[in-house]
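Trainee: I'd like to learn how to read a protein model. Could we go through one together, step by step?

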Amino acid sequence: MSRMPTDTDTDALRAPAGNRPGTGTRPTDGDPAVAGVLTDGALPAALARARGPEPVGPDTPAGPRVSVPPGPGTPVPAARPDRREADLDRLLRAAFVAGDPAGRFRPAASAGALHPVDVRVRIGPDGPLPPGRYAHHPLTHRLHPLPAPPETDPGTAPGVLVELTTTPRRTASHYGHRAAPLLLLDTGHAAGALHTAAVGAGVGLRWDLSGTRPDPLATAVVTPAHHDRGVTAGGATIGGARPRSASPPLTGRPDPEVTAALLGVLTGAPRHLDPSLPDPADGGEPDPVWWVVDEEGLFTADPARSGGPLLRRARGDARPWSAARAAGQGWVAEVGAILLAVGCPGDADAARIRRSHLRAGFAAHLASIAAARLGLRCRPVGSWQGADLGAALGRPRDREWIVHGLAIGADPAPPGAR
C-alpha cells in the first residue's frame with residue numbers, strides 16, 4: 001500500500017502553481033482526436049496534457065444536448081407483473097431523466113452541466129422489449145433502437161445490460177484539452193446515480209468499472225434481486241436522490257466524525273461493487289486513496305476502522321495550495337473541507353487511468369448523497385492542474401496526483417444561493 005505522508009508541516013504545499021487562465025487552441029467539433037481521446041493509444045498523453053499548465057482556449061459549439069438516433073422511440077418498460085424482472089422504467093427514470101424543463105439538470109454531476117454521458121441498454125432474449133441495443137433519451141425517457149454491434153458479447157446476451165459511454169465533443173467544447181479526465185469522472189458520477197437508483201428501486205446491479213475498454217466505459221447487469229450493498233458505509237447512508245451541486249462559498253468545517261463517515265463511503269464504495277478490486281484490508285493497494293484537507297491539515301481514514309477517527313498526515317492549511325491547482329477555482333481555498341482522491345501515477349496505462357477516474361467519480365457521487373443527508377453542502381471539483389500532491393509533500397514525483405475532489409461545507413447556504 002502507498003506510504004502516507006508523515007505528520008509534518010504543509011509549508012511545502014504553498015508553492016505557486018503555473019495554472020492561470022489564458023488563451024490557447026481548442027479541438028474543433030469534427031476533430032477525430034476528440035472522439036478518440038479515451039482510447040488506449042491517446043489517453044495517457046491526454047491526461048498528462050490535462051494535468052499541465054497549458055491554458056484552455058475559447059469555447060466551441062457543444063452540439064445537441066443529447067445524442068440519440070432519430071425517431072419517436074418506445075416507452076421504457078416497467079416490470080411485467082407475470083415476470084420476475086427489474087423495473088427498468090423506474091430505474092432509468094430515477095438515474096438519468098432530466099430534472100428541469102431545460103434538461104440541464106440530471107441526477108449526476110457534470111462538468112459545466114454539459115452531461116456528456118450517454119446511456120445504452122442491451123436487452124436479451126425474453127426481455128421486456130425485442131432483443132437488441134437501445135439508446136436512452138434523458139429528456140423524453142424513451143428508448144431508441146440502435147444497430148447491432150459488429151460483435152456481440154455472448155456473456156451479456158441474456159437479461160438487461162446498461163452501458164455508459166460518452167460524447168466527448170460536449171465536454172471538449174468548453175474544457176478543450178482538459179476534457180479526458182472530466183469525461184471519465186462524469187461517467188463515474190453517472191454510474192453512482194444508477195447505483196443509488198437501483199438501491200431505491202430494489203434492483204440488483206453487477207458492475208464492471210474495471211476501465212478495460214473505452215466504449216462502453218462502464219456496464220451494469222440488471223437483475224430483479226434486491227441487494228443493499230452500499231446502502232450504508234462508514235455510518236453514512238448513501239441512498240436517495242443527489243442534490244444539485246452547491247454554489248460557492250462552501251464554508252464551515254464539518255465535524256471530524258462526519259468527515260470520517262464520508263471517508264468511509266469513499267473508501268468502501270468501489271470494492272463493494274466490483275469483487276475483482278483489491279481490498280486494502282487484505283493488503284491490496286487502493287487507487288485512488290482518499291484524503292481530507294481542511295484548515296488544520298491533511299487527514300486519511302484508518303484502514304482498520306471504517307468510519308473511525310481520522311489519522312492526521314500533515315499539519316497546516318493546504319486549502320490554498322489545492323485552490324491554486326483547481327483550474328482557477330479559487331473558492332476552494334475557503335471551503336470547510338475538501339475530500340481528495342489521490343493516485344493514478346504518471347506512468348499509468350489507459351486501463352488504470354480509466355479505472356481510477358471511474359472509481360473516483362462513482363465514490364464521490366455516493367459521498368455527495370451521504371453529505372446531503374448529513375446536512376452538508378457539497379460540490380465536485382474535477383479539474384486539476386499541476387496537482388502532484390505527493391511531490392509537494394517531498395515524496396516521489398509523478399506518483400500521487402489529485403484525481404478528483406469533493407468540496408464540502410457545514411455552514412448554511414447564503415441567501416439567494418441555488
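Predicted model: local features only at pLDDT ≥ 70, side-chain atom pairs only at ≥ 80, totals over all residues.

Trainee: At what angle do helix α5 and helix α8 pack?

Mentor: Start with where they are: α5 covers residues 179-201 and α8 covers residues 350-373. Their axes are 7 Å apart. The angle at which they pack is about 45 degrees.

Trainee: Is the crossing of α5 and α8 left-handed or right-handed, and which residue class has 12 members in their contact?

Mentor: The crossing is right-handed. On the α5 side, the contact includes Leu184, Leu185 and His189, while the α8 side includes Arg354, Leu358 and Phe362. By class there are 9 polar residues and 1 charged residue, and the class with 12 is nonpolar.

Trainee: Which residue is the salt-bridge partner of Arg354?

Mentor: Arg354 sits in helix α8, and the pair is 314 residues apart, so look in a distant part of the chain. Arg354 itself is buried, with a relative accessible area of 0%. The partner is in the loop between α1 and α2, and the N to O distance is 2.7 Å. That residue is Asp40.

Trainee: Asp317 and Arg319 meet in a salt bridge too, so which of them counts as buried?

Mentor: Their N to O distance is 2.9 Å. Buried means under 20% relative accessible area. Asp317 has 22%, so Asp317 counts as partly exposed. At 9%, the buried one is Arg319.

Trainee: How many residues apart in sequence are the parts tied together by Arg399 and Asp347?

Mentor: These two side chains meet in a salt bridge at 3.1 Å, N to O. Arg399 is partly exposed at 36%, whereas Asp347 is exposed at 54%. Arg399 lies in the loop between α9 and β16, and Asp347 in the loop between β14 and α8, so the parts they tie together are apart in sequence by 52 residues.

Trainee: Which residues are linked in a network, and how many salt bridges does the structure hold?

Mentor: The network links two arginines, Arg120 and Arg122, with Glu163 and Asp215. For the structure, the number of salt bridges is 13.

Note on methods:
Residues numbered from 1 in each chain as written. Heavy atoms only, no water. Axes fitted to C-alpha atoms, helices over the stretch in contact; angles between N-to-C directions. Helix = DSSP H or I, 4+ residues; strand = E, 2+ residues; numbered from the N terminus. Left-handed = near helix turned anticlockwise from the far one by under 90°. Contact = heavy atoms within 4.5 Å. Nonpolar A, V, L, I, M, F, W, Y, C, P; charged D, E, K, R; others polar. Salt bridge = Lys/Arg side-chain N within 4 Å of Asp/Glu carboxyl O. Buried < 20%, exposed > 50% of the residue type's maximum accessible area, 1.4 Å probe, protein only.
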